Amino acid sequence: METEVILLPRPESAAASTRRRQLIHHAAENALRKRLAAFWSRSGEVVAREPDDPFAPFLLIRITGYPAPDYGVWRFQARLEARSVDGETLRHNFARLAALFPFEGGPSPSGGGSEVAFELLETAEGVVFTEDEAAGLRRTAAAMTVKGAIDIGRSTFSSKDEPEEAPADLPTLATLRGDLDPGYGAAVLARLFIQNGLPELTLHPFDRFHDSTVLETAGVEVLNDLTRRTFRYRLRAGAEDGAALRNRLAQALGPLPLYDAELTATQGTTLRIRHLAAAGPLSFKESTLFRRPRHEAELLIDLSVDLTRSRPNSGDLPGNTIRLAASPIDFAALEQAMDDYFVAASGLDEFVDLSEGPDDGAVKPFGIRFTGEEADETGELRTLAFLLEWRKLRRDTALSALSRLEKVFPRYSLSIGGVAFAALLVKNSKIEDDDETMTTHGELHFTGIIIK
């Protein structure tokens, strides 16, 4: 079963959203202009707007649109236009510029304090050359469309790149770290809790069938202040030993609350914490799983991050958890392995392979066979049904066999015939007397539960 990673949107006020888009747009446009100016023979000709002089040579670079964004990535289209009365030089320079694509833009300074992390830059269409005449002079023009993407999480944006027409009623920014992924907060919290008594904690999905301790992203606060981000996380834990679980959680949560502190993750992310505190009580619940006790705990945690003093490293972001598909089961081999397992577990030594069925002269009157698979609505389990059967025994021997076999159950976390079972559980059993032969027939139905 593959694990789907769900990434949360970033809710924010309309004013903050408008300002953030303007800042990112202008910083990205400035950075793209500087990046491509390095490949133009005269960098002074690279401009943000067309010059008033109709004969001045120029290369105009503008971002013209943003298709639907992916999470944490801004895809864009840009227009490159050039004009000169020196047609031969312009054609040479523009063709050389076009030949660079596609290429990785990489981290690119804007000149205003921002650094924009460009991903692949490539042309969206071919170069178009045109000619016209103005005041008796022939001019050559060239144009092409470029598309690319910006990794917002690895980009840094400075208020110096804000447009002059930014709304005056919004607060002045210092330095803004792009759109901070909640995975960075999860990474620093995981390291904090692991160091304080939860070494088993992971950022993988919660496992409700085994001992499991995970940290999940539960929400993101509306963004009104562009210098901070507040995330909510859910700490979930489950175990068979409830007392030990309580002790581990109490120790791990001991440092909370924290104020104005610095936390780091394993790959170098450093977050400046404004506050870190529980958002409610630590709750516990008890239940049973496969007829064993199960204890689970849950706690909501709020984390407020100062973006201006935080340094994320993308190596700390959690990746997808991939689980390989299970191999198909060889049920004939599994039946034989079940026979061998119950011989050893119960002390009985008279089993027969019932896949072909015993006859009246069978020397070994015991056997196990697979009888089917039960439906599971959750899609997380496979429940295999088996029949353990014995025939033609004296009644006292049959009753003794039933007693010994039932003592084998339940069994947990075992492998039989290369198949990993979470549990073997009895469903029912019965014995029947045959008056004609003066023997007893017995059946024991059980299930083997496999976690996908």
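The largest nonpolar core in this predicted model has 34 residues. Within this core, the residues with the most contacts are L189, F193, L215, L235 and L276. Several elements build this core: α3 (182–195), β10, β11, α4 (242–252), β13 (270–278) and β15 each supply at least two residues. Helix α3 gives the most, with eight residues. Beyond its neighbours within four places in sequence, F193 is in contact with L198, L201, L215, A252, L253, L256 and I301. A second, separate core has 33 residues. Among them are L32, L36, A82 and M144. In soluble globular proteins, nonpolar side chains tend to be buried together.

One partner pair here is G219 with R232 of β11.

Strand β13 holds T270. The relative accessible area of T270 is 6%, so this residue counts as buried. Leaving aside neighbours within four places in sequence, T270 is in contact with E262, L263, T264, S310 and R311.

Aromatic rings were examined next. The count comes to 13 aromatic pairs. One of them joins F101 and F103, with 5.3 Å from centre to centre and 50° between the planes. This pair is tilted. Both F101 and F103 are buried. The rings of F370 and F386 have their centres 5.8 Å apart. Their planes lie at 65°, over the 60° cut-off, so the pair is edge-to-face. F370 lies in strand β16 (residues 366–374), whereas F386 lies in strand β17 (residues 381–393). The pair therefore ties together parts that are 16 residues apart in sequence. F370 is partly exposed, with a relative accessible area of 24%. F386 is buried, with a relative accessible area of 1%. Both belong to one aromatic cluster, formed by F331, Y341, F342, F370, F386, F409 and F446.

Charged side chains also meet rings. R91 lies over the face of F129, at 4.8 Å from the ring centre. The charged end of R246 sits over the ring of F284, 3.8 Å from its centre.

A cis peptide bond joins L256 and P257, with omega at about 0°. L256 is also one of the contacts of F193. P257 lies in the loop between α4 and β12 (258–264). Another cis peptide bond joins F409 and P410, where omega is about -10°. F409 is a member of the aromatic cluster. P410 is found in the loop between α6 (395–406) and β18 (411–416).

Positive phi values occur at D260 and at S413. Neither residue is a glycine. Phi of D260 is near 45°, and D260 has its place in strand β12. With 46% relative accessibility, D260 counts as partly exposed. S413 has a phi of about 50° and is found in strand β18. Its relative accessibility of 57% is over the 50% cut-off, so S413 counts as exposed.

Conventions: Residues are numbered from 1 along each chain as its sequence is written. This is a predicted model: local features need pLDDT of at least 70, side-chain atom pairs count only at pLDDT 80 or more; totals for chains, interfaces and linings use all residues. Side-chain values use heavy atoms; hydrogens and water are left out. Two strands pair if DSSP finds at least two bridges between them. Helices (H or I, at least four residues) and strands (E, at least two) are DSSP runs, numbered from the N terminus. Rings of Phe, Tyr and Trp (its six-membered ring) pair if their centres lie within 6.5 Å; planes under 30 degrees apart count as stacked, over 60 as edge-to-face and the rest as tilted. Buried means under 20% relative accessible area, exposed over 50%, partly exposed in between (1.4 Å probe, protein chains only). A charge sits over a ring if NZ of Lys or CZ of Arg is within 6 Å of the ring centre and within 35 degrees of the ring normal. A nonpolar core is a set of buried Ala, Val, Leu, Ile, Met, Phe, Trp, Tyr and Cys residues joined through side-chain atoms within 4.5 Å. Contact means heavy atoms within 4.5 Å.
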